[in-house]
Amino acid sequence: MQISVVIPAYNRAHTLARALDSILAQTLRVQEIIVVDDGSGDGTEALIRQRYPRVRYLSRPNGGVSRARNLGIA
C-alpha cells in the first residue's frame with residue numbers, strides 16, 4: 001500500500017510543523033508528502049525547506065483551499 005498526503009496551507013507555518021511531525025511518526029510509512037502553499041507570507045516555504053527536506057513543496061498564488069488541494073492531487 002502506498003500512502004500520499006496532500007496538505008493545503010495558507011499562513012499556517014505555526015501549525016504545519018506539528019502536522020508534519022505527526023504524519024512522519026505514523027506506523028505506516030508515507031511515500032510522499034506534498035504541501036501546497038496557497039500564497040502564504042508567514043515563512044511556510046522556509047519551514048519546509050529547512051526542517052522537512054523530503055516534503056515536496058508547491059507554491060501558487062492565493063486561490064483558496066480547493067484549488068490548492070487539487071493542485072497537490074494533480
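Helices (H or I, at least four residues) and strands (E, at least two) are taken here as DSSP runs, numbered from the N terminus. This is a predicted model, in which local features need pLDDT of at least 70 and side-chain atom pairs count only at pLDDT 80 or more, while totals for chains, interfaces and linings use all residues. Residues are numbered from 1 along each chain as its sequence is written, and side-chain values use heavy atoms, with hydrogens and water left out.

**Helix 1**
- Helix 1 (residues 13-24) has twelve residues and reaches 17 Å from its first C-alpha to its last, close to the 16 Å expected at 1.5 Å a residue, the expected span being 1.5 Å times one less than the number of residues.
- Its buried residues are Ala13, Leu16, Ala17, Leu20 and Ile23, where buried means under 20% relative accessible area and exposed over 50%, with partly exposed in between (1.4 Å probe, protein chains only).
- These residues cover an arc of only 130 degrees around the axis, which puts them on the same side of helix 1; the arc is that of the directions from the helix axis to the C-beta atoms.
- On the other side of helix 1, His14 and Arg18 are exposed.

**Packing partners**
- The buried residues of helix 1 pack against strand 1 (4-9), strand 2 (32-37) and helix 2 (44-51), with contact meaning heavy atoms within 4.5 Å.

**Thr44**
- Thr44, which lies in helix 2, counts as buried at 1% relative accessibility.
- Leaving aside neighbours within four places in sequence, Thr44 is in contact with Arg12, Ala13, Leu16, Asp37 and Tyr57.
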